[in-house]
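Please look over the aromatic contacts in this model. My notes are below the structure.

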Amino acid sequence: MSFDITNRIICWKEAGKMAILVEDKVILRDKKLADQLRQRGYGEQKGNELAMDLFEGLYLIEKEKFRIEDQKTGKSVSGEDFIRHAAKKEKDFYTKYQVFSDLRERGFIVKTGFKFGFDFRVYPRGKKPGEAHTQWCVNVATQSDRASFTEMSRMVRLAGNLKTTLLNAVVDSENQVNYYEVTRITP
């Protein structure tokens, strides 16, 4: 069954606790659950609410932390419907999500890096924003994407300005993620 969720509010429930999908954010209003998730590196506190990005939302759906329902009909919304919605909001959403998920599975806290010119920021294993500085700025690509030396130089320079290292995450044709650390060498 498929739903058009573009202009609807979607509710997530876990034992009566709710969050809503609003455009490109997942808003959680349950203080206890929000505190638990924030302690594990998810979201950002906004007043009394926890605001999570779409990558964090899908990751928690796949981990079966929430059940999603269409608020108007009460019917379940699948992960695929969530992905379709997110893909309308974020270019190459699923490719980027594969990298996000892989890094979370490896124990890293991953945050979006859009305002820094990258897809993601990654914190050292076991550390959260505020406890440590970003370890890597991540650029996501597929194996068929091309990047010029000028573009690579810009990304390395930008990462250096942020006092971090550039990590190129390349998703191959078998949906495996390969990481390439790119640094500047000065003779």
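1. Basis. The model is predicted: local features need pLDDT of at least 70, side-chain atom pairs count only at pLDDT 80 or more, and totals for chains, interfaces and linings use all residues. Residues are numbered from 1 along each chain as its sequence is written, and side-chain values use heavy atoms, with hydrogens and water left out.

2. Count. Rings of Phe, Tyr and Trp (its six-membered ring) pair if their centres lie within 6.5 Å; planes under 30 degrees apart are stacked, over 60 edge-to-face, the rest tilted. The count by this rule is ten aromatic pairs.

3. Tyr94 and Tyr97. Their ring centres are 6.1 Å apart and the planes stand at 35°, so the pair is tilted. Both sit in helix α4 (residues 93-105), three residues apart, about one helical turn. Helices (H or I, at least four residues) and strands (E, at least two) are DSSP runs, numbered from the N terminus. Tyr94 is partly exposed at 40% relative accessibility; Tyr97 is buried at 2%. Buried means under 20% relative accessible area, exposed over 50%, partly exposed in between (1.4 Å probe, protein chains only).

4. Phe108 and Trp136. This pair is edge-to-face, with 5.4 Å between centres and 65° between planes. Phe108 lies in the loop between α4 and β7 (110-112), and Trp136 in strand β9 (residues 136-142), so the pair ties together parts 28 residues apart in sequence. Phe108 is buried at 8%. Trp136 is buried at 15%.

5. Cluster and charge. Ring pairs link a cluster that includes Tyr42, Tyr94 and Tyr97. Arg104 lies over the face of Tyr42, 4.0 Å from the ring centre. The criterion is NZ of Lys or CZ of Arg within 6 Å of the ring centre and within 35 degrees of the ring normal.
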